[in-house]
Amino acid sequence: MAYKTIIVEIDDHVALIRLNRPDALNALNSTLLGELAQAVTEAEGNDKVRCLVITGSEKAFAAGADVKEMAEKSFVDVFVTDLFGRQVNAIERCRKPIIAAVSGYALGGGCELALMCDFIIASDSAKFGQPEINLGVVAGIGGTQRLTRLVGKSKSMEMHLTGRFMDAQEAERSGVVSRVVPAKKLVEEAMSAANKIAEKSQIATLAVKEAVNRSYETTLSEGILHERRLFHALFATEDQKEGMSAFLDKREPQFRDK
């Protein structure tokens with residue numbers, strides 16, 4: 001499919017999705033979000049794809065939602081159409097792992113998009129922020145919820161109330177990003193991680209994503225029980241037998257997703 005605002009490349013078992021609105025610092029408008037949701041949905045349905053990477057440019061991952069598109073909308077407009085809801089839901093429902101490779105600005109909706117992904121690899125130039133307060137609104141794609149779960153109430157409240165940006169080093173210290181790499185190596189490092197994930201049993205990969213995400217949605221005891229049931233269930237797979245046999249034989253496993 002030909003896209004106007006994103007570029008999609010399938011490299012072996014990884015779908016690399018680049019946000020591509022350079023004149024607007026990749027601001028998230030309805031077209032971009034719609035195309036991104038479509039690309040993620042297609043990648044999830046593609047048996048060849050085992051992991052996704054979402055990135056932007058070196059200057060900006062995404063500098064926020066498109067204010068020009070939103071400025072004149074009314075409450076009725078955004079409520080009836082559920083602004084951002086449908087597209088975001090499609091991305092959130094993806095069961096395959098998604099890595100955000102963030103360089104430059106990840107602000108507002110751009111920060112929220114990165115936080116939607118399963119983990120973030122950031123360049124040393126990355127800047128994260130939720131400056132919606134400067135527009136007279138609040139984050140609308142999960143920023144008040146996901147950021148708070150990662151950094152705690154105090155830092156999240158400060159960022160949302162003042163619009164302060166967080167640099168890559170602070171983001172790593174605060175648990176927002178998994179690691180920081182040089183900007184020139186960002187996509188290379190993200191693709192390397194994605195390819196490593198693609199080598200694993202896809203059944204186990206889906207189970208890991210489900211279990212970790214469940215930790216945000218339930219109590220500790222219920223989460224541990226859910227994890228244990230997934231652990232037990234994986235003993236019904238051929239991949240578990242292959243993985244453990246390969247370990248004992250001191251060889252690389254050959255997973256077949258069965």
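**A loop and its surroundings**

Modeller: Asp12 is found in the loop between β1 and β2 (14-19), where helices (H or I, at least four residues) and strands (E, at least two) are DSSP runs, numbered from the N terminus. Please keep in mind that this is a predicted model, in which local features need pLDDT of at least 70 and side-chain atom pairs count only at pLDDT 80 or more, while totals for chains, interfaces and linings use all residues. Residues are numbered from 1 along each chain as its sequence is written, and side-chain values use heavy atoms, with hydrogens and water left out.

The backbone of Asp12 has a phi near 60°, which is a positive value in a residue other than glycine. At 44% relative accessibility, Asp12 counts as partly exposed; here buried means under 20% relative accessible area, exposed means over 50%, and partly exposed lies in between (1.4 Å probe, protein chains only). Asn26 also has a positive phi, of about 60°, although Asn26 is not a glycine. Asn26 sits in the loop between β2 and α1, and Asn26 is buried, with a relative accessible area of 2%.

In strand β1 (residues 6-11) we find Ile7, which is partly exposed at a relative accessible area of 35%. Once neighbours within four places in sequence are left aside, Ile7 is in contact (heavy atoms within 4.5 Å) with Leu16, Ile17, Arg18 and Asn20. Ile7 and Thr55 are 48 residues apart in sequence, and their C-alpha atoms are 9.9 Å apart in space. Asn20, for its part, is 62 residues from Asp82 in sequence, with 24 Å from C-alpha to C-alpha. Asp82 belongs to the loop between α3 (75-80) and α4, and Asp82 is partly exposed, at 44% relative accessibility.

Helix α4 (residues 85-92) packs with helix α1 (residues 30-45) at an angle of about 25°, with the axes 9 Å apart. Axes are lines fitted to C-alpha atoms, for helices over the stretch in contact, and angles run from 0 to 180 degrees between N-to-C directions. The two helices, α1 and α4, are therefore roughly parallel to each other, given that angles under 35 degrees count as roughly parallel, over 145 as roughly antiparallel, 65 to 115 as roughly perpendicular and the rest as oblique. Ser30, Leu33, Gly34, Leu36, Ala37, Val40 and Thr41 of α1 make the contact with Gln87, Ala90 and Ile91 of α4.

The largest nonpolar core has 45 residues, of which Leu19, Leu52, Phe61, Val102, Ile120, Phe128 and Val176 touch the most other members. Such a core is a set of buried Ala, Val, Leu, Ile, Met, Phe, Trp, Tyr and Cys residues joined through side-chain atoms within 4.5 Å. Helix α1 gives the most to this core, with 6 residues. The contacts of Ile120, leaving aside neighbours within four places in sequence, include Val102, Phe128 and Val176, and also Ala114 and Leu115.

Those last two, Ala114 and Leu115, are among the buried residues of α5.
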